[in-house]
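Here are my notes after going through the file you sent. Have the structure open while you read, and tell me where you disagree.

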Amino acid sequence: MTVQGIQRRHLLAGVAFGTLAAPGILHAQGGAGGEAIRIGEVNSYSSQPAFLQPYRNGWILAQEQVNAAGGVNGRRLETIFRDDGGRPEDAVRLAGELVSSERVHLLAGGFLSNVGLALADFANQNKRLYVASEPLTDALVWARGNPYTFRLRPSTYMQSAMLAEEAAKLPAKRWAAVAPNYEYGQSAVRWFKELLTRAKPDVEFVAEQYPALGRIDAGATVQALAAADPEAIFNVTFAADLTNFVRQGFTRGLFERRHVVSLLTGEPEYLEPLGDEAPENWIVTGYPWDQVETASHVAFRNAYRQRWNAHPYLGSVVGYDTVAAIAAMLRKVGGTQTEAMVKGMKGLRFDAVFGPVEFRALDHQATMGAYVGRTVLKDGKGTMVDWRYADGADYLPPDEVVRRLRPTAA
Amino acid sequence: MLENLLLQALSGLASASSLFLVASGLTVIFGVSRIVNFAHGSLYMLGAYLAFTLVTFLPRGHLGFWGGILGAALLVGLIGVLVEVLLLRRIYRAPELFQLLATFGVVLIVQDLALLTWGPQDLLGPRAPGLRGSVAIAGLRFPLYELFLILVGPLVLGLLLLLFHRTRWGTLVRAATQDREMVGALGVNQRVLFTSVFFLGACLAGLAGALQLPRESVNLHMDLAVISEVFVVVVVGGLGSLGGAFLAALLIGELHAFGILVFPRITLVLVFLVMAVVLVLRPHGLLGSPHEPARAATAVTEPPTRPAPGPLRLLGLAALAAAVLLPPFAGDYTLTVLTDIAIAILFAASLHLIMGPGGMASFGHAAYFGFGAYAAALLTKWLAAPMAVGLLLAPFAAGLFGLIFGWFCVRLSGVYAAMLTLAFAQIAWSVAFQWVEVTGGDNGILGVWPSTWAAEKLIYYYLALTACFGATLLLRRIIHAPFGYALRAQRDSPLRAEAIGMDGFRIRWLAFALAALMAGVAGGFFAYAKGSVFPTFLSIPRSVDALLMVLLGGVRTLSGPILGALAYTGLQEQLVRVTDLWRLVLGCAIVVLVLFFPQGLAGAARDSWERRHEPTGT
């Protein structure tokens with residue numbers, strides 16, 4: 001054997017090993033056990049703990065499930081949570097931190113509408129994908145919609161439409177409305193009036209009250225509504241305002257012989273604090289967590305209970321579904337380039353807890369729906385009865401109307 | 001029709017009664033100790049939470065319920081004593097309003113502790129036994145408990161008046177309100193007196209919170225929801241006047257009850273409109289006395305303002321060099337934070353101009369910050385103006401409003417002036433919030449981004465640094481100019497200043513407008529830094545931030561606002577990313593800083609410097 005011969009053999013062996021090893025090297029750089037996919041989640045954890053603690057629990061549950069099943073395309077999902085304290089300017093700063101320092105691949109979150117809008121504008125300016133989970137304002141996908149923002153939860157329009165449909169079945173003609181004095185409350189009343197009047201042209205709104213958010217003077221507000229003597233009431237107040245409104249309303253007999261149609265009241269976050277004073281026979285949107293027996297929901301409920309030793313709230317479902325949507329999109333896209341992810345989100349269909357949901361390409365709004373039913377007291381606790389699932393897709397305006405409402409082309 | 005109006009009036013009376021109950025405690029505390037107790041709302045919230053716990057655990061029935069309410073009031077009284085003894089007592093000699101900083105730390109701590117103890121959910125307490133139902137008045141139903149509250153208000157007023165006018169303790173307290181030093185000279189133990197006053201005030205706050213249990217849910221936002229209304233009631237009534245507080249509560253309760261019949265959307269701003277009108281017409285509130293104690297409560301006189309000593313100048317130059325030379329190596333996020341700090345420094349310095357040398361506190365300074373930001377945003381949105389135009393014109397908008405509002409505010413003095421600035425700020429906020437067609441309402445104005453030449457974070461940072469730091473130096477130069485001397489003269493001795501021909505009103509007015517102008521500069525830069533403008537830029541929390549930065553740094557030094565802005569912004573920014581309980585940690589940090597540096601950070605530094613360089617033997 002000459003030295004050259006040995007060298008050639010060794011060279012050949014080395015090349016052979018190299019070609020065998022190369023996939024391993026390439027694999028280690030970007031594949032299994034490789035770089036995790038980082039999601040930056042900004043939310044008002046300190047100012048809205050009642051909704052957002054269950055939300056984060058649902059989020060973490062979904063993330064753990066995804067990672068236990070091997071991650072997305074072999075990559076783990078990782079979320080970095082930040083608290084914006086309810087201030088839009090802080091949310092923008094934290095989004096900047098997540099994007100530049102923590103190098104997240106996409107942004108998510110938002111609870112208050114103004115925070116959601118600030119994050120959406122940031123995402124648009126910096127060309128990052130933003131999956132808004134909770135902010136309800138229609139402007140997020142319509143008047144101020146942009147190509148980089150998508151929203152999961154049914155908007156103010158959609159939920160008002162669900163209730164207007166139920167309200168049209170009632171015989172009442174004289175309506176009163178009470179809503180918190182900010183954009184969400186005002187929009188909800190505006191849409192409800194428009195849609196109800198379209199369905200029943202002879203209704204009239206005899207009184208409207210707009211208590212400051214979180215500071216309702218319940219006695220005076222209830223009295224002012226009663227003075228107008230409506231036949232039915234549309235209520236948009238929630239959380240502490242709702243509780244105070246209900247208590248004063250009952251003591252003064254506001255709800256006797258009157259129909260009440262109420263947004264969000266059927267959600268456990270807002271129904272549970274009322275305890276045994278929960279109103280009965282109100283038509284509400286909500287989430288009857290103990291009664292929905294579809295396969296996907298039962299699986300979710302059991303997993304949530306096992307993980308957190310508590311029952312799920314609507315916030316939990318929103319958090320879980322946001323992660324599920326992001327995971328589904330990442331599987332479809334296969335990478336983490338923003339433009340590819342944005343394209344992947346448009347028209348994305350995935351299996352949410354309540355059923356299949358689609359992110360419409362037209363306006364980036366998801367078709368997640370809500371449960372519509374009546375409230376009832378059972379075992380000293382409020383819950384829903386005679387409920388049905390209202391698919392969000394059925395409660396959106398026709399496409400031409402949407403195109404007019406959303407100036408930016410989809 | 002008439003029955004409805006009658007019932008509306010009764011509802012107004014019930015709210016007035018609850019308002020008075022909370023405000024009475026603050027009136028008592030403020031009247032004697034002149035402490036602006038920001039934590040009063042927290043005591044109210046604790047009263048409600050403790051009442052809920054006690055009432056739930058004690059057996060049902062009259063004893064359990066009323067015992068729980070009284071027990072909660074007493075417990076809150078004890079907590080108030082604890083706060084006073086551990087914290088406030090040590091800072092009585094600090095410059096005025098410094099206790100505000102300490103009580104703000106307490107607010108933050110209580111918020112997180114309440115969340116940890118009682119959880120995030122709202123709690124609905126039981127109704128009062130024997131007062132569950134309603135009574136028929138003029139054919140309509142009115143809750144019994146509201147009637148009970150309507151009676152409790154005047155009852156408490158009567159008892160307090162009896163206490164203050166017929167007992168020895170009350171006489172001592174009234175004497176201490178008029179002249180604290182004399183009372184001490186006459187041999188009364190001031191410490192015990194103050195602590196007992198605080199106990200009473202805290203008890204009243206706790207009682208007010210506990211009495212809300214059958215009416216409202218107990219939640220974590222109660223403290224901030226009630227505190228601004230309580231301050232308004234106390235100021236409108238006249239500081240330290242119980243009768244005035246009662247009248248003010250009555251006025252506000254009834255106006256609110258009838259106001260929502262006519263303008264349902266007035267709920268946001270009614271209270272502040274009333275305060276603005278009352279203070280403009282009656283500068284000392286409804287029943288306040290115009291003779292405030294001539295001597296300030298502090299025993300330490302402020303050293304004369306001198307140009308910075310050598311080492312301080314070197315330190316400043318070094319900091320400036322670092323601010324200019326290091327950022328190119330920093331990441332995008334660090335640059336954002338540095339830009340925010342530069343803007344905060346200017347904002348704090350502008351407030352310091354009127355608070356320190358000017359001697360006028362302002363609780364509504366964020367209004368001018370917000371005016372600047374909105375001016376820039378409106379120009380961008382409606383006129384498609386480039387960034388340079390927005391930045392140039394924003395300060396003038398803010399300065400204009402400073403001139404207009406300032407004319408009203410500088411006619412008043414002390415806390416009244418500060419509260420009038422707050423009233424104007426809230427009115428401005430509610431206009432921004434509700435005038436949806438122009439300002440976008442609470443959804444704000446989006447798309448206010450810098451022009452392409454300044455879109456890079458580094459370039460924008462240098463721009464902001466130049467403008468903000470330059471403006472801060474300009475303010476410092478103004479303080480050393482004759483105008484600054486005149487400003488300080490009218491603060492230290494208005495009589496002498498008038499005697500030598502200085503028009504105190506005009507000087508204060510100009511200083512206020514100048515401060516507003518500078519705040520507008522900061523606001524304009526902030527708008528383009530964040531890309532969107534919301535009514536939160538004008539809101540009370542932002543004004544409170546400015547106050548905290550100035551107080552933390554030390555009102556009596558010129559470098560105070562710079563140091564305070566750096567410390568506060570830096571601390572908050574770091575803590576938010578590190579822990580969920582950042583409010584608790586921030587509150588504790590503030591309390592610790594307050595205890596160890598009662599002159600503020602820069603003040604403490606100056607004191608230790610002067611101590612080391614004092615000529616020996618003096």
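1. Searching the whole structure turns up 36 salt bridges over all chains. Keep in mind that this is a predicted model, so read every contact below as computed from it.

2. One salt bridge worth a look pairs Arg577(B) with Glu97(A), with the closest N and O atoms 2.5 Å apart. Arg577(B) sits in helix α23 (residues 560-578) of chain B and Glu97(A) in helix α3 (residues 88-100) of chain A, so this pair joins two chains.

3. Another example of a salt bridge is Arg252(A) with Glu146(B), where the closest N and O atoms are 3.4 Å apart. Across this interface of chain B and chain A there are also 39 residue pairs in polar contact, with both residues at pLDDT 80 or more.

4. On the chain B side that touches chain A, helix α1 (residues 2-33) of chain B gives the largest share, at five residues. By class, that side of chain B has 29 nonpolar, 23 polar and 19 charged residues.

5. As for extent, 71 residues of chain B are in contact with 65 residues of chain A. The area buried between the two chains is about 5,700 Å², and carbon and sulfur atoms give 48% of that.

6. Now a spot inside chain B. The axes of helix α5 (residues 144-166) and helix α6 (residues 168-178) of chain B come within 5 Å and cross at roughly 80 degrees. That angle is why α5(B) counts as roughly perpendicular to α6(B).

7. Who meets whom there? From α5(B), Leu163(B), Phe164(B), His165(B) and Arg166(B) meet residues of α6(B), including Trp169(B) and Val173(B). The residues of this α5(B) and α6(B) contact split into four nonpolar, three polar and three charged.

Key: Residues numbered from 1 in each chain as written. Chains lettered and ligands numbered in written order. Predicted model: local features only at pLDDT ≥ 70, side-chain atom pairs only at ≥ 80, totals over all residues. Heavy atoms only, no water. Contact = heavy atoms within 4.5 Å. Buried area = accessible area lost by both parts, 1.4 Å probe. Salt bridge = Lys/Arg side-chain N within 4 Å of Asp/Glu carboxyl O. Polar contact = N/O pair within 3.5 Å; in protein donor to acceptor, adjacent residues only side chain to side chain. Helix = DSSP H or I, 4+ residues; strand = E, 2+ residues; numbered from the N terminus. Nonpolar A, V, L, I, M, F, W, Y, C, P; charged D, E, K, R; others polar. Axes fitted to C-alpha atoms, helices over the stretch in contact; angles between N-to-C directions. Parallel < 35°, antiparallel > 145°, perpendicular 65-115°, else oblique.
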